[in-house]
Amino acid sequence: MFARRRKHFGTPADRATYATLHTASLATPSLREGLTPAAAGKASKHLRDLLGTAAIAICDSSGVLAWDGVGGPYESNHRRDAKAIAAATLRTGRTAVLGPHDVACGDPQCPVRTAVVAPIVTEDHVVAVLVAYSPRSSAALVRATEEVARWVSGQVELAELNKERTRAMEAELRALRAQISPHFIYNALAAIASFVRTDPERARELLLEFADFSRYALRRGGEFTTLSDELRNVERYLVLEQARFGERLKVSLLIAPEVLSIAIPFLVVQPLVENAVRHGLDGTTGIGRITIRAQDRGLEAEISVEDDGAGSDPEVIRAALAGESAGDSVGLGNVDARLRQVYGDDYGLVVETAPEAGTKVSFRVPKYSSGVHASA
């Protein structure tokens, strides 16, 4: 009884709205890849379903990016002419309605008799056009084609924004690598060199750890990694630093196993640990204690790095996070900026510190976030 009632749930308008939204959602992933031939080809079927036309074409200045609809000799005739049909709208940005004189191929069986050509616009530039072919034109079809083209424009703009974000993150990551390397490489190689004569086997092991650390830190993979892989590289870093500081460096790791598989931006934990080592031990002769935590917070994970070193003036930290400091806080502003780029302004670094009171740096990340996937 319940199943029969559910089958007829909603008005025809409700069902039509759902069908339209569902079809649009099917086209969205492809369009978010940008207006490439492959992406346009995957989206075109769903766009034609939205319009209910005999065929559609997506064209840019280079020619036809995608075609969907009538096939056989009809397709070859109309696809050949699509670039010429699109030219005026590509140039002017104005919707064009074309009749049989401009569109029909002469075959009386062909369902293509008219076409509506609407612009696809990003940042006030016409980048492509959507051509809707049908047996007859109407005011409703013109409006529908313009609205679908406007929606496609929005998806293409979002694709461009995603590309810009990716380029910005890659630039930030290159800057971070350049900042970390001079600080760390010299000290690591010096520590390895100190064991070459006294303990060659230890020197060999450390050299392998250094090679693995460098391979990870300088890799050219994606933007994201798993927390497990990031912590493994932190362990390599700490092995090398313990070779340098010996018993003076005490490290505690308190990691909830259930958060190890979450995806996080690449190189966001190691710079925080490097800061903790430098500020906790450099310039002192005592023991420095560092605690690294990763905790489950329901829909989020919280990661923190804490040291019991000299601490810092909060104003200095604020300047570092704003990128206004020339001090020696390795990458704090860089890590903070990348976290905010990925997750939003609610997910930046939180720094608790004061002179002679140590430093704790923490951040939260959603366990699941759209577009955040660890590279294979």
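Analyst: Gladly! We begin with strand pairing: two strands pair if DSSP finds at least two bridges between them. Helices (H or I, at least four residues) and strands (E, at least two) are DSSP runs, numbered from the N terminus. This is a predicted model, in which local features need pLDDT of at least 70 and side-chain atom pairs count only at pLDDT 80 or more, while totals for chains, interfaces and linings use all residues. Residues are numbered from 1 along each chain as its sequence is written, and side-chain values use heavy atoms, with hydrogens and water left out.

User: How many bridges join S3 to strand S4?

Analyst: There are 3 bridges between S3 and strand S4 (residues 114-122), and the two run antiparallel. To find the place, look for Ala96, which stands opposite Val117 in S4.

User: In what order do the strands of that open sheet come?

Analyst: The order is S2-S1-S5-S4-S3, 5 strands with antiparallel pairing. Strand S2 (63-69) and strand S3 (96-98) stand at the edges with a single partner strand each, so one side of each has no neighbour in the sheet. On average, neighbouring strands here are turned by 20 degrees against each other, direction ignored. When you look at side chains, remember that in a regular strand they alternate between the two faces of the sheet.

User: Which helix lies across S1, S2 and S5?

Analyst: That is helix H3 (residues 37-51), which lies across strand S1 (55-60), S2 and strand S5 (125-134) and runs at about 40 degrees to S2. For such angles, axes are lines fitted to C-alpha atoms, for helices over the stretch in contact, and the angles run from 0 to 180 degrees between N-to-C directions.

User: How should I read a pair of aromatic rings?

Analyst: Such a pair is described by the distance of the centres and the angle of the planes. Rings of Phe, Tyr and Trp (its six-membered ring) pair if their centres lie within 6.5 Å; planes under 30 degrees apart count as stacked, over 60 as edge-to-face and the rest as tilted. A search of the whole structure finds 4 aromatic pairs. One of them joins Trp67 and Tyr133, tilted, at 5.1 Å centre to centre with 45 degrees between the planes. This pair links distant parts of the chain, with Trp67 in strand S2 and Tyr133 in strand S5, 66 residues apart. Both Trp67 and Tyr133 are buried.

User: How far apart are the ring centres of Phe213 and Tyr237?

Analyst: Their centres are 6.2 Å apart and their planes stand at 40 degrees, so this pair is tilted. Phe213 sits in helix H7 (residues 200-217) and Tyr237 in helix H8 (residues 227-245), 24 residues apart. Phe213 is buried, as is Tyr237.

User: And two packed helices?

Analyst: They are described by the angle between their axes and the distance between the axes. The axes of helix H10 (residues 314-321) and helix H11 (residues 332-343) come within 7 Å and cross at roughly 55 degrees. H10 and H11 are therefore oblique to each other; angles under 35 degrees count as roughly parallel, over 145 as roughly antiparallel, 65 to 115 as roughly perpendicular and the rest as oblique. Ile317, Ala320 and Leu321 in H10 meet Leu332, Gly333 and Asp336 in H11.

User: Which strands are joined to S12?

Analyst: Strand S10 (residues 300-307) is joined to S12 by 8 bridges, and strand S11 (residues 350-353) by 4 bridges. S12 runs antiparallel to S10 and also to S11. Strand S12 (residues 359-366) is mostly covered, with 6 of its 8 residues buried.

Definitions and conventions
Buried < 20%, exposed > 50% of the residue type's maximum accessible area, 1.4 Å probe, protein only. Contact = heavy atoms within 4.5 Å.
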